[in-house]
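Let's walk through this model together, one question at a time. Each answer sets a value against its definition.

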Amino acid sequence: MVFFLLLLVLGIGLETTGTTAQSIGVCYGRVADNLPPANEVIDLLKSNNIKRMRIYDPDEATLQALRGSNIELVIGVPNENIQTIATGVSSASYWVQNYILKYSKDVKFRYIVVGNEINPNDPTSQFILPAMQNINAVLISANLQNKIKVSTAIQLDFLGSSYPPSTGAFSSSSNSYISSIVQFLLQSDAPLLANVYTYFSYISAPKEIELSFALLNSPTVQVNDGEYKYTNLFDATLGALYSALEKVGGANLEVVVSESGWPSDGGVAATVENAQAYYSNLIKHVSNGTPKRPNQELETYLFAMFDENKKGPAKTERHFGLFTPNKQPKYQISGDIGAYTSPSSSCFQLRNEGIIFSFCLYLLFIFFI
């Protein structure tokens, strides 16, 4: 009887582990002159139970504020630093030492992102892979290669074809560039990061794309693509990317959505109502995977933490924030983020929630017998 009860307790704990997904993070851009200090930003993340964040440069105030926070960090190598890091391991070692190793004991680094949306025709593109390789070599020497992965973030205009999604392929100008990166990522067991915006696709063809399809709230299938049925543009876009990756040997490469969002002002369909619908639907949706990769939770970073008043030139660029600069939520979705990052009970606040829960129940069992 005791053995049976112990199995029951352990079973409950193991089952609980499967429900504690932490797939949602938030991008913290700082192209603004009215944002709160870094320590208040981290407090805001914690108070909203957001467990992952992305920053675009190694801002030391943010890194200091993250110490001991238990928030997982995606950190960017600024585009202007890439060529120097690519020229030799010594430059990469300096960067890693000053911005990673210096903080790694109490900051949880998840990915180092070498370049954000670098176009293959940009002269900097030739330095992306060497910089990734050099940073990874430094991580290997520090025995951190299994904890911190090195990648790059691409935009979806790398695709030369995308409709229907099964025909997805990289453009001729992108193909050789992305192929070598894909091979590196596979060898190092790192994901590819992709910035996915259904908003920009929608406003480029509003007569052809239904708003509900872009907002992830269409009630019906909009794209029939063989065995795959798409009810939203987000899934269809990723379906095209997955198809393109298959064609360059990346069928098994994980994809992380490193940015996705919808503006609340400044342009066509940029309203608070649409933005709230998009963010809420996206948060709920990514835990289910996509038609091409079903039941595979999709790690996703919402863009962005705050409205950024110095972004542009398009006015919409200044209105992607989940929060206003005075830290007020623009939408009623913070609870949704928390629901998909970590449970709320005190026992569940710890890591390895299922094991901890099992242990708690086990202690109660021992106490009462």
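Q: Why is Phe320 called buried?
A: Buried means under 20% relative accessible area, exposed means over 50%, and partly exposed lies in between, with a 1.4 Å probe and protein chains only. Phe320 has a relative accessible area of 2%, so Phe320 is buried.

Q: What should I keep in mind about where these values come from?
A: This is a predicted model, where local features need pLDDT of at least 70, side-chain atom pairs count only at pLDDT 80 or more, and totals for chains, interfaces and linings use all residues. Residues are numbered from 1 along each chain as its sequence is written, and side-chain values use heavy atoms, leaving out hydrogens and water.

Q: What is the average pLDDT of the chain?
A: pLDDT is the predictor's confidence in each residue, from 0 to 100. The chain averages 88, and 85% of the residues score at least 70. Over residues 1–21, however, the pLDDT is below 50.

Q: What makes Phe303 and Phe320 an edge-to-face pair?
A: Rings of Phe, Tyr and Trp (its six-membered ring) pair if their centres lie within 6.5 Å; planes under 30 degrees apart count as stacked, over 60 as edge-to-face and the rest as tilted. Here the centres are 5.8 Å apart and the planes make 65°, and that is edge-to-face. The two residues are 17 residues apart, with Phe303 in strand S12 and Phe320 in the loop between S12 and helix H12. Helices (H or I, at least four residues) and strands (E, at least two) are DSSP runs, numbered from the N terminus.

Q: Why does Phe303 count as buried?
A: Its relative accessibility is 5%, so Phe303 counts as buried. Both Phe303 and Phe320 belong to one aromatic cluster, whose members also include Trp262 and Tyr331.

Q: How do you know that Ser264 makes a polar contact with Lys330?
A: A polar contact is a pair of N or O atoms within 3.5 Å; within protein, one must be able to donate a hydrogen and the other to accept it, and residues adjacent in sequence count only if both atoms are side-chain atoms. The side chains of Ser264 and Lys330 make such a contact at 2.8 Å. Ser264 sits in the loop between S11 and H11.

Q: Is Ser264 buried or exposed?
A: Its relative accessible area is 9%, so Ser264 is buried.

Q: What makes S2 and S3 a pair of strands?
A: Two strands pair if DSSP finds at least two bridges between them. Four bridges join S2 to S3, which run parallel. Among the bridge partners are Arg52 and Glu72.

Technical notes: Contact means heavy atoms within 4.5 Å.
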